Amino acid sequence: MSVSTLDKIHSYSQQQGIRLTNTRLAVLSLLAESTRPLSAYQLLEGYQQRYQKSYQPTTVYRVLTFLEQHGLVHKLAATRQYVLCQELGKKHGRCVEFLHCDKCGNLTEVPDMESIYQALQSQTQHLGFTLNQPTLELHGVCARCQV
Ligand SMILES: [Zn+2]
Ligand SMILES: [Zn+2]
């Protein structure tokens, strides 16, 4: 990830009227520089290292919740880690999927898996269970690593 990732974030936020405070920007750039998803705790640590400032965990959680609500980051439900949205401005369905390569660790976002959502919903509905918007992480080997 590079500067252009942050450029995209800036122009998207401007379009959407999302205000990027310094703390929000710091969290976004830590995620942009990381090759892996990060937990709130790892972000807190990274932030403290970089800015030599201590931060309340609640602040980081508040920032992450804000960024998630505005579609700038996604939370991987299983590991409680966060990643930047790779498909800013594209249609996001009720189910977002990440393909996780077990060889190189690369994550690829598939933003609209409505058919999967509907299948999950019909399975869980008759059990009286209400589904949240799931973020699924599927493990496998990416195209690049298969050659
Ligand atoms: Zn996304
Ligand atoms: Zn791979």
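Modeller: In this predicted model, helices α2 and α4 are roughly perpendicular to each other, because angles from 65 to 115 degrees count as such.

Biologist: At what angle do α2 and α4 pack, and how far apart are their axes?

Modeller: The angle between α2 and helix α4, residues 57-69, is about 80°, and the axes are 10 Å apart.

Biologist: Which residues of α2 and α4 meet?

Modeller: On the α2 side they are Thr23, Arg24, Val27 and Leu28. From α4 come Thr59, Val60, Val63, Leu64, Phe66 and Leu67. Sorted by class, this contact has seven nonpolar, two polar and one charged residues.

Biologist: How does α2 pack with α3?

Modeller: Helix α2 covers residues 22-33 and helix α3 covers residues 40-51. They pack at an angle of about 105°, with 10 Å between their axes. The angle falls in the 65 to 115 degree range, so α2 and α3 are roughly perpendicular to each other.

Biologist: Which residues make the contact of α2 with α3?

Modeller: Helix α2 supplies Ala26, Val27 and Leu30, while α3 supplies Leu43, Gly46, Tyr47 and Tyr51. Six residues of this contact are nonpolar, one is polar and none is charged. Val27 is listed in the contact with α3 and also in the one with α4.

Biologist: Now the strands. Do β4 and β5 pair in the parallel or the antiparallel sense?

Modeller: Strand β4, residues 96-101, pairs with strand β5, residues 107-110, in the antiparallel sense. Four bridges join the two strands. To find one facing pair, look at Phe98, which stands opposite Glu109 in β5.

Biologist: What do β4 and β5 form, and how many residues lie between them?

Modeller: The two strands form a hairpin, with five residues between them. In the turn, Gly105 has a positive phi of about 80°.

Biologist: Into which domains is the chain divided?

Modeller: Domain 1 runs over 3-84 and domain 2 over 96-146. Their C-alpha centres lie 22 Å apart.

Biologist: How many residues does each domain give to the contact?

Modeller: Domain 1 gives nine residues and domain 2 gives seven. On the side of domain 1 that touches domain 2, the largest share comes from strand β2, residues 73-76, with three residues.

Biologist: How does that side of domain 1 divide by class?

Modeller: There are five nonpolar, two polar and two charged residues on the side of domain 1 that touches domain 2.

Definitions and conventions: Residues are numbered from 1 along each chain as its sequence is written. Chains are lettered from A and ligands numbered from 1 in the order in which they are written. This is a predicted model: local features need pLDDT of at least 70, side-chain atom pairs count only at pLDDT 80 or more; totals for chains, interfaces and linings use all residues. Two strands pair if DSSP finds at least two bridges between them. Domain bounds come from an automatic or database domain assignment. Two residues are in contact if their C-beta atoms, placed from the backbone, lie within 7 Å. Ala, Val, Leu, Ile, Met, Phe, Trp, Tyr, Cys and Pro count as nonpolar, Asp, Glu, Lys and Arg as charged, and the others, Gly among them, as polar. Axes are lines fitted to C-alpha atoms, for helices over the stretch in contact, and angles run from 0 to 180 degrees between N-to-C directions. Angles under 35 degrees count as roughly parallel, over 145 as roughly antiparallel, 65 to 115 as roughly perpendicular and the rest as oblique.
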